[in-house]
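Visitor: I would like to learn how to read a structure like this one. Could you walk me through it, feature by feature?

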Amino acid sequence: MVKRKKHRILSNSPSDRLFDIFNIAVMIVLLFIFVWPLWFVVIASFSDPYAVWAGKVLLWPVDFTLKGYQELVKYRAIWIGYRNTIFYTVAGTLINMIMTVLCAYPLSRKDWMLRNFFMKMCLITMYFNGGLIPTYLVLRRLHMINTVWAMMIPCALAFSNVLIVRSYFINSIPGELFEAANMDGAGPFQYLFKVVIPLSKPVMAVVCLYYAVAHWNDYYTALIYISNRELVPLQTVLREVLMSAASIAESMHNASESAAMLMQQKQELAQSLKYTSIIAGIVPMMIAYPFVQKYFVKGVMVGAIKG
Amino acid sequence: MGKTAVSKRKQPEGRKKSFWERLKYDMKRNWPLCVMFLPVLIYYIIFSYTPMYGILLAFKDYKVKKGILGSPWVGFEHFERFFSGYNFWGLMKNTLGISVYSLAVGFPIAIIFAIMLHYLTMNKLKKTVQMVSYAPYFISTVVICGMLSIFMDPVNGVFNTVRNLLGMESVGFLGVPGWFKSIYVWSGVWQGMGWSAIIYISSLAGVDYEMHEAAIIDGATKLQRIRHIDLPTIQPTIIMLLIMNLGNLMSVGFEKVYLLQNDLNFATSDIISTYVYRVGLVNSDFGYSTAVGLFNTLINLLILVTANTVARKATGESLW
């Protein structure tokens, strides 16, 4: 009995049976609610726009077509967005990781006298900040507005992630290693890069993913700091595509016959782009997701340990 | 290297050293840590503490040419203007309404979901639901809002299809002020419930199973076990997360509200952060915008401190 999986133990009372059946039913419904919206976008992107518009597409693609994807390939703005977002994500995450380690490691060293002071200094920034305009003015003063730096430098460090890494350093790296490295004459930098970081791969992976996802999904930063069309990230382009589809549909309602014809063409284009652009936005994540999702969970657990 | 010798001589002999002496000693020994921390320090000074100094703007009539210090003081004029403005109560009502609604719905649902998942007897289903449930968390707000506008389309959105099947009339959900909060909150539940549940699932896994065995022998049903064993055990986790959530009560996510906002639902969708953005960056009323933002931050801080104090007094659990 001890070896058996804990929750397999079923008691046979009728109320427990009822509970189990109810539970399974709810979970199956939830599974559907979680999966269907995403599934719908996928099948709609492969279906004929008219069939989607008429509400015929529900569980499988109708009139399979790749037209939407052809339009997507021709749409230049998306590719610019893709290029920029990939750059922001890779370079931004690299900066994030370097800064996070440089912040977390000193703050994990109990024998550092300044630790508590700097810890407090960092914690304050989690709960109190200058707000939109003062931050904007600082960036303007630094001439960062409308440059790639605005997308990566102001968010170079997220202290909640530092806390995760720090508590891993404190709780999972044995203190004896430090003594041993010291004996062997390794300096703090050598110790950090040759011992601590290789031993912290799991937590590094988690935090790296957190940062990468944040960069990939970032819309706000570009909204505030970027207006140059050559620098906008994918999310900004996606927003425009999704909005234009909606606004064309709206203006179709109250347009004259001849104008409606022209609009219909536009509408068709917008319709087919709508679903494929969503796919373009989430597909890298969805491909990576099954491989990385176990790390996400680990990250929440590590973060939950009070440092 | 002499370093080992230095670290061996950690204990000061005899008299207690003064603060400066200790600092000097520490600097000598731990200077590499200071070097490592230097970029972080510079970053925080430039991007967190300089903007904090910029809060002075809230009390000034900002003139670009004169800079922050040179602009004339106006005292609490911006705040008075905000408090007496025609939309002050509307903004407060929308901001608090949305956040209280999402807390009241999202917070318990995550706990219930975690418990149900924990007690699920089919292991395969359990793994699948768990994995699928936190996928939406990683979808960008832009895409979520795009999907919402697809599903809530007044003509062919799936919600209206279902309504029509039930004999109800179609609704242009995103254009009706009365629907805005519900759309915001329930799509948030869809997106975040799996993710928020993870922490409860992991603390439920830590519940001592012997208690459950004893309860089973005594004939307790699952519901009784949840109520008397699981909930009390995960209570500290629940309270911690509740305090943290309360601390964010006034910081409703700007992005999602901004993206879902349109002229038609403006009456219920205008919140403090979108207002700060509009008057600040769109209308370039820097001083006023800063004042409104500061007000928001301070209320947040106040709620956080209050929640923490109350929780500490009532249950002994707190963030600090």
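Guide: Gladly! Please keep in mind that this is a predicted model.

Visitor: How does H1(A) pass H5(B), in a left-handed or a right-handed crossing?

Guide: Let me start with the general idea. Two packed helices are described by the angle between their axes and the distance between the axes. In this case, helix H1 of chain A, residues 14-45, packs with helix H5 of chain B, residues 88-118, at an angle of about 120°, and their axes are 10 Å apart. H1(A) and H5(B) are therefore oblique to each other, and the crossing is left-handed.

Visitor: Which residues in H1(A) and H5(B) meet there?

Guide: From H1(A) come Phe22(A), Asn23(A), Val26(A), Met27(A), Leu30(A) and Phe34(A); H5(B) answers with Phe113(B), Met116(B) and Leu117(B). By class, the residues of this contact of H1(A) with H5(B) are eight nonpolar and one polar, with no charged residue.

Visitor: Now for single helices. Which residues of H4(B) are buried, and where do they fall around the axis?

Guide: The idea is to look down the helix and see where its buried residues point. In helix H4 of chain B (residues 77-84), His78(B), Phe79(B) and Phe82(B) are buried. They fall within an arc of 95° seen down the axis, so they line one face of H4(B). Their packing partners are H5, helix H14 (272-282) and helix H15 (286-315) of chain B. Turned away from that buried side are Glu80(B) and Ser84(B), which are exposed.

Visitor: Why are the buried residues of H3(A) on the same side?

Guide: In helix H3 of chain A, residues 67-74, the buried residues are Gly68(A), Tyr69(A), Glu71(A) and Leu72(A). They cover an arc of only 155° around the axis, which puts them on the same side of H3(A). Val73(A) and Lys74(A), on the other side of H3(A), are exposed.

Visitor: What does Ile43(A) touch?

Guide: For a single residue, ask where it sits, how accessible it is and what it touches. Ile43(A) has its place in helix H1 of chain A and counts as buried, at 1% relative accessibility. Leaving aside residues up to four places away in sequence, Ile43(A) touches Val57(A), Leu58(A), Leu59(A), Trp60(A) and Pro61(A).

Visitor: And the backbone: which residues other than glycine have a positive phi?

Guide: Two examples will do. Asp63(A), with phi near 50°, lies in the loop between helix H2 (49-53) and H3 of chain A, and counts as exposed at 53% relative accessibility. Asn146(A), with phi near 65°, is found in the loop between helix H6 (132-141) and helix H7 (149-152) of chain A; it is partly exposed, with a relative accessible area of 27%.

Visitor: To step back, how many helices and strands are there in chain A?

Guide: Chain A has 14 helices and zero strands. Of its 307 residues, 49% are buried. Among contacts in chain A between residues at least 6 apart in sequence, 71% join residues at least 24 apart.

Notes:
Residues numbered from 1 in each chain as written. Chains lettered and ligands numbered in written order. Predicted model: local features only at pLDDT ≥ 70, side-chain atom pairs only at ≥ 80, totals over all residues. Heavy atoms only, no water. Axes fitted to C-alpha atoms, helices over the stretch in contact; angles between N-to-C directions. Helix = DSSP H or I, 4+ residues; strand = E, 2+ residues; numbered from the N terminus. Parallel < 35°, antiparallel > 145°, perpendicular 65-115°, else oblique. Left-handed = near helix turned anticlockwise from the far one by under 90°. Contact = heavy atoms within 4.5 Å. Nonpolar A, V, L, I, M, F, W, Y, C, P; charged D, E, K, R; others polar. Buried < 20%, exposed > 50% of the residue type's maximum accessible area, 1.4 Å probe, protein only. Arc of directions from axis to C-beta.
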